[in-house]
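Welcome, and please open the model in your viewer. We will go from stop to stop, selecting a few residues each time.

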Amino acid sequence: MAFKERELHILEYLKEHKEATIGELCKALFVSEATMRRDLTRLHQAKKLIRTHGGATYRNEPGVNLPQDFRERENVDAKIAIASKCLSLINDGDTVMIDGSSTVLPLLRIIGAKKSLVIITNNAKAPVLLTGTDAKVFICGGELATNAYALVGSYAESFVNSFNADICFFSVSNLTSNGQLTDNSIAENIIRRAMISKAKRVVLMLDSHKIGEPCISNLCSLDQIDIIACEKNISSLFPEHKHKFI
C-alpha cells in the first residue's frame, strides 16, 4: 500500500475514532510499526494530525486542506443530493462555470444529461468526468493546488476572466453563522471570485456539515450568492437569505 493510500486510511480512521494508538493503526492498515511511525511523523509535519506519545489524534488545521481524495469520501449522499438539485437549475445551451472543489464532482458526473452546454472549469478531474457528453469543455491551465484537483494561479484567473457564463457552481470549506463563505485555500478562492464576477447566476453548493468556524481565507458573503443548494432545509439559520435556499 502506497503512502498516499495509507494517508487516506489513517485520516479516515482518526476522523471516526478521534484518536488511536500506533498498534491500533497498524492493525487497521496491516503495516509495521516502523512504517506507521514514519507515516504519522510525516502527517504531523504536514499538520494533518497531531502526533502523540504512542499514537495520534485527528486535527483539521485551519489553513490546511486535507487531501481531496479524503474529502471526496465525506458526506457522499449529501453531495449527490445537492448535485441533483443543481442539475435542475441548468438549461440546455447554458454556459456553465464550475470550480475545482470536491463537492461539484457529483454534478460533473450527471451534467451530461443537459444538451449543448459550454462548460468552463478549473477542475482537473473534469476532462475524465465529461468524456462522452456533448458539452464543449474549456479547462484552464495553471498550477495544481495543494491537496486538490483544482488548477489555480494567474493563468487560471486570466482564463476564467476571458469568459461570461449563465450560471456558476462552486463550494467552499465553510459557511460561518453570520453568512461568510471561507476556505482553507487562498488560491482556489481567487479563482472562485473570478467565476462569481463573470456569471449571471451564482450557486453555492453547500453541504450542511460545513457550517461552523471560519477558515483562513474569506471569499464573500451570502449577499453575493443567488441560490444556495443544500441537501436539507437549514434556511432558518439564515433568515435574511431564506428565499435563496433550494
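At what angle do the axes of helix H2 and helix H3 cross? Before we look, a word on the model: it is predicted, so local features need pLDDT of at least 70 and side-chain atom pairs count only at pLDDT 80 or more, while totals for chains, interfaces and linings use all residues. Residues are numbered from 1 along each chain as its sequence is written, and side-chain values use heavy atoms, with hydrogens and water left out.

**Stop one: H2 and H3**

Select residues 22-29 for H2 and residues 33-45 for H3: their axes cross at roughly 110° and come within 9 Å. Helices here are DSSP runs (H or I, at least four residues) and strands likewise (E, at least two), numbered from the N terminus. Axes are lines fitted to C-alpha atoms, for helices over the stretch in contact, and angles run from 0 to 180 degrees between N-to-C directions. H2 and H3 are therefore roughly perpendicular to each other (65 to 115 degrees; under 35 is roughly parallel, over 145 roughly antiparallel, and the rest oblique).

Now show the side chains. Ile 22, Leu 25, Cys 26 and Leu 29 of H2 meet Glu 33, Met 36, Arg 37 and Leu 40 of H3, where contact means heavy atoms within 4.5 Å. These contact residues divide into six nonpolar, no polar and two charged.

While you are here, click on Cys 26: at 9% relative accessibility, Cys 26 counts as buried (under 20% relative accessible area, with exposed over 50% and partly exposed in between, using a 1.4 Å probe and protein chains only).

**Stop two: H1 and H2**

On the H1 side, pick Arg 6, His 9, Ile 10 and Tyr 13, which meet Glu 24, Leu 25, Ala 28 and Leu 29 of H2.

**Stop three: Cys 140**

Next, select Cys 140, which is buried at 4% relative accessibility. Where is the closest cysteine sulfur? In Cys 168, 13 Å away and too far for a bond. A disulfide is a pair of cysteine sulfur atoms within 2.5 Å, and by this rule the count is zero.

**Last stop: Ile 227**

Finally, go to Ile 227 in strand E14, residues 227-230. Ile 227 is buried, at 13% relative accessibility. Leaving aside residues up to four places away in sequence, Ile 227 touches Leu 89, Arg 201, Val 202, Val 203, Leu 204, Lys 244 and Ile 246.

Conventions
Ala, Val, Leu, Ile, Met, Phe, Trp, Tyr, Cys and Pro count as nonpolar, Asp, Glu, Lys and Arg as charged, and the others, Gly among them, as polar.
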